[in-house]
Amino acid sequence: EEMSQKETIEYLKESVQPEIGAIPAYLLGDPSVYEIEHKKVFLKTWLFVGHESEIPNKNDFITRDVAGYSVIISRGADGEIRGLYNMCTHRGMKLCRADAGNKSSFTCPYHGFNFKNTGDCIGVPLQKDIYGDELDKSRLGLYKIRVESYKGLLFGTWNNEAEALEDFLGEFKWYIDILAGRAEMEVLGPPQRFIIHSNWKIGADNFVGDSYHTMVTHGSIAKLGMVPSATYSKKGYQIYTENGHGLNLGTPNPDFAFPEELREEYKSNLTDKQYDILCNLKNMIGNIFPNLSFLISHTKIKGQLISNTSVRLWRPVDVDKMEVITWFLVEKNASEDWKRRSRESFVLTFSPSGIFEQDDTEVFTDITAAASGAMPLMKQLTFNYTMGLHRKPDKDFTGPGVVFDDKFTEASQRNFYRYWLDLMTK
Ligand code: FES
Ligand code: FE
């Protein structure tokens, strides 16, 4: 197996060529690529685990998967958020089997060891009787995984050498501010979760740079009149930054699609340039490397343009399968009526019952089926990622990163695969 992984890495070095827009079909379906990704991408980078508003109170917790392992994300009595590997240190039992709750300590379902939500082991049944004075509970604490947050977005990593989250996000933070830091934001309801038969990279690729598909894949939605067909124009910007992050900004938009009464809150949280983008925003779609995509889009509901904001994880389950987890985010200080309509706008478009979601997942699953397995042919079939290779970045745009002055280019996908390849071949 070691040998075949080495061969795979050598092959990736030769065949994945983002600089000339050549990406082989092989990397969507090959099981050995998937195994290497787990080690070199998912065990190395920061991965999204949730939003701070999911655990607002002392002793609130959620359990989340981080690269295939369950982690308890808990807010202690001191207010601090910690990540605890959800494995009892006595014999390895999964300590907590609930998705969410409020608990100051966790009792193991196997022999009953008790752990405080700081990770400390605080109780062992019959301790004196069966261990005498020999058991040192201070050595039995739960393993702590690094957890850091930016603008309420919580990430965890198993890599103790990883750079600080804010450094990993780098210049991309400027755009995350508009997404998640423009106002106090909260998640409404538990995240929606569904499984689709797709390689995770197809979702990331689609959100990081593929505005081109909207006219065709989502054409029927414009024909139905749910969105104006002008929504699918290439007007706006495609932007990428270091570490594989990228997004698409649709502009301009004559109608302000956010709650009017929050203009002052937006102004106080954003720079003038960021606020200007918010005021002109038609949509914003992107991906934080490796697999956290996000979206601000607008829908007309009862004659009024309503924005909806969400983040979504393309969580790999297998080479040809992922769990999609979506969080609906909304301005905490918006009216209840606005929150309800914004959620409606989200559910109608991007969610298992949403019309855009269903269009997209059809495509993702068909690509995955066609590219499946370690078939030798997949090494010969190379996808074309050359769109926009001839273009020079725009120097006038006010935000950071490498910017192109309309959305129809594949620069962000090339940037995504460049960073992916760096990690895979390190
Ligand atoms: Fe948890 Fe024994 S495995 S108490
Ligand atoms: Fe789409």
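These legends describe views of one predicted model.

Residues are numbered from 1 along each chain as its sequence is written, and chains are lettered from A and ligands numbered from 1 in the order written. Because the model is predicted, local features need pLDDT of at least 70 and side-chain atom pairs count only at pLDDT 80 or more, while totals for chains, interfaces and linings use all residues.

**View 1. The whole chain.** The chain holds 15 helices and 21 strands (DSSP runs numbered from the N terminus: helices are H or I, at least four residues; strands are E, at least two). Its C-alpha atoms fill a box of roughly 75 × 60 × 35 Å along the principal axes.

View 2. Domain 1 spans 50-161 and domain 2 spans 171-425 (bounds from an automatic or database domain assignment). Their centres, over C-alpha atoms, lie 33 Å apart. The contact takes 9 residues from domain 1 and 12 residues from domain 2 (contact: C-beta atoms, placed from the backbone, within 7 Å).

**View 3. Helix H7.** H7 covers residues 200-209 and is mostly covered: 10 of its 10 residues are buried (20 or more other C-beta atoms within 10 Å of the residue's own, with C-beta atoms placed from the backbone). Among them are Trp200, Ile202, Phe207 and Val208. Lys201 and Asp205 are buried too. Across the chain, buried residues make up 43% of the 426.

Terms used:
A residue is buried if 20 or more other C-beta atoms lie within 10 Å of its own, exposed if 12 or fewer, and partly exposed in between; C-beta atoms are placed from the backbone. Two residues are in contact if their C-beta atoms, placed from the backbone, lie within 7 Å.
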